[in-house]
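Please examine the sequence and the structure shown here. The report that follows describes the arrangement residue by residue.

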Amino acid sequence: MKSVNKMKSLKCAECKDVVCMDYMYKNYYCNNDERTDDMGFLGRNYLPKTSPEWCPLRAKEQINV
């Protein structure tokens with residue numbers, strides 16, 4: 001079993017579920033239906049370097065490890 005430190009870090013920039021709303025700022029949201037965070041907010045003007053704790057893809061990766 002791999003440790004958490006050796007897991008591949010997921011990046012939102014590589015995810016197909018990221019949506020950008022460009023009004024005053026570029027607001028990035030997760031559009032995955034399985035997310036546990038109601039809002040799905042990822043960041044303003046930038047994406048996070050790694051996926052947030054509530055990311056459904058992160059949860060799937062932890063189960064598969």
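## The largest pocket

Seventeen residues, written as 17 in the count, line the largest pocket, and Lys11, Cys12, Cys15, Cys55 and Leu57 lie nearest its centre. A pocket is defined on a 1 Å grid over the protein atoms alone as an open set of points where a 1.4 Å probe fits, with protein on both sides within 12 Å along at least five of seven lines, and lining residues have an atom within 4 Å of a point. The largest pocket holds about 150 Å³ of space; a volume here is the space filled by probe spheres set on the points, which are joined across faces, edges and corners. Its lining divides into eleven nonpolar, two polar and four charged residues. In this division Ala, Val, Leu, Ile, Met, Phe, Trp, Tyr, Cys and Pro count as nonpolar, Asp, Glu, Lys and Arg as charged, and the others, Gly among them, as polar.

The model is predicted: local features need pLDDT of at least 70, side-chain atom pairs count only at pLDDT 80 or more, and totals for chains, interfaces and linings use all residues. Residues are numbered from 1 along each chain as its sequence is written, and side-chain values use heavy atoms, with hydrogens and water left out.

## The chain as a whole

The protein chain has one helix and three strands, and from the N terminus on its elements run β-β-β-α. Helices (H or I, at least four residues) and strands (E, at least two) are DSSP runs, numbered from the N terminus. Of the 65 residues of the protein chain, 26% count as buried. Buried means under 20% relative accessible area, exposed over 50%, and partly exposed in between, with a 1.4 Å probe and protein chains only. Among contacts between residues at least 6 apart in sequence, 35% join residues at least 24 apart; contact means heavy atoms within 4.5 Å.

## The nonpolar core

Which residues form the largest nonpolar core? This core has five residues, namely Cys12, Tyr28, Cys30, Leu42 and Trp54. A nonpolar core is a set of buried Ala, Val, Leu, Ile, Met, Phe, Trp, Tyr and Cys residues joined through side-chain atoms within 4.5 Å. In soluble globular proteins, nonpolar side chains tend to be buried together.

Beyond residues up to four places away in sequence, tyrosine 28 touches several others, including Val18, Val19, Cys20, Leu42, Asn45 and Leu47. Leucine 47 is found in the loop between β3 and α1 (56-64). Leaving aside neighbours within four places in sequence, leucine 47 is in contact with Cys12, Ala13, Val18, Tyr28 and Leu42. Asparagine 45 lies in the loop between β3 and α1, and its phi is near 70°, a positive value in a residue other than glycine.

## Polar contacts

Aspartate 17 is found in the segment before β1 (18-22), whereas asparagine 32 lies in the loop between β2 (26-30) and β3 (41-44). A polar contact of 2.9 Å joins their side chains. Such a contact is a pair of N or O atoms within 3.5 Å; within protein, one must be able to donate a hydrogen and the other to accept it, and residues adjacent in sequence count only if both atoms are side-chain atoms. A polar atom of the asparagine 32 side chain also lies 2.8 Å from the backbone nitrogen of glutamate 34.

Apart from neighbours within four places in sequence, asparagine 32 is in contact with Asp17, Pro56 and Leu57.

Aspartate 37 is found in the loop between β2 and β3. A polar atom of the aspartate 37 side chain lies 2.6 Å from the backbone nitrogen of glycine 40. Aspartate 37 and cysteine 55 are 18 residues apart in sequence and 8.2 Å apart in space, C-alpha to C-alpha.

## Accessibility of selected residues

| Residue | Relative accessible area | Class |
|---|---|---|
| Aspartate 17 | 13% | buried |
| Asparagine 32 | 12% | buried |
| Aspartate 37 | 25% | partly exposed |
| Asparagine 45 | 46% | partly exposed |
| Leucine 47 | 23% | partly exposed |
| Leucine 57 | 34% | partly exposed |
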